[in-house]
Amino acid sequence: MTQPLASADPARVVAIARSWLDTPYHDQASLRGVGCDCLGLARGVWREVVGPEPFPIPPYSRDWGETGPREVLAEGARRMMIEVEPAAAGPGALVLFRMKPRAIAKHVGILTCPNSFLHAYERLGVIEEPLTNAWRRRIAFAFLFPR
């Protein structure tokens, strides 16, 4: 029988995520201080919190309105992270946003406190901003980094 994954220290996840602040936006990149997109930010935090990435990330579309039968990003996260109910997600949780109704979840952020999150945004790079109701209602999935 396998043991359930233990979650990483939320304060450590948040500190590492904040070390990526001001990293410029660069599609499909993941280098702190050089460039990343939202998934690249999550990948970089993973490498520092957990270790090497368990599998290569295939190229992906930037279309936030993409629809389809599969939640590819959530399925990938389920393979290596601890899924929690979005309403129960706290600081240090990775959240997946559904940017348009009926679209698949394609944007990634990391909660930094109950009312703010960090993400990489085109033209702005990695920023921390309030988790407004507009952002909160777009959260489709939430995951904890394993230890």
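Predicted model: local features only at pLDDT ≥ 70, side-chain atom pairs only at ≥ 80, totals over all residues.
Reader: Start with helix H1, residues 10-18. Which of its residues are buried?

Author: Val13, Val14, Ile16 and Ala17 are buried in H1.

Reader: How are those buried residues arranged, seen down the axis of H1?

Author: They fall within an arc of 165°, so they line one face of the helix.

Reader: What do the buried residues of H1 pack against?

Author: Their partners are helix H2 (38-49), strand E5 (107-113) and strand E6 (116-121).

Reader: Now the pockets. How does one find where empty space is left?

Author: Roll a probe the size of a water molecule over the atoms; that shows the empty space. In this model, the largest pocket has a volume of about 920 Å³.

Reader: Which residues lie nearest the centre of the largest pocket?

Author: Leu39, Ile57, Tyr60, Leu73 and Lys106 do, out of 45 lining residues. H2, helix H3 (72-78), strand E4 (94-97), E5 and E6 each give two or more residues to that lining.

Reader: Take Ser116 next. Is this residue buried or exposed?

Author: Buried means under 20% relative accessible area. Ser116 has 9% relative accessibility, so it counts as buried. Ser116 sits in strand E6.

Reader: With which side chain does the side chain of Ser116 make a polar contact?

Author: With that of Glu128, at 3.4 Å. Leaving aside residues up to four places away in sequence, Ser116 touches Leu111, Glu128, Glu129, Pro130 and Leu131.

Definitions and conventions: Residues numbered from 1 in each chain as written. Heavy atoms only, no water. Buried < 20%, exposed > 50% of the residue type's maximum accessible area, 1.4 Å probe, protein only. Helix = DSSP H or I, 4+ residues; strand = E, 2+ residues; numbered from the N terminus. Arc of directions from axis to C-beta. Contact = heavy atoms within 4.5 Å. 1 Å grid on protein atoms, 1.4 Å probe; cavity = no way out; pocket = protein on both sides within 12 Å on 5 of 7 lines; lining within 4 Å. Points joined across faces, edges and corners; volume = space filled by probe spheres on them. Polar contact = N/O pair within 3.5 Å; in protein donor to acceptor, adjacent residues only side chain to side chain.
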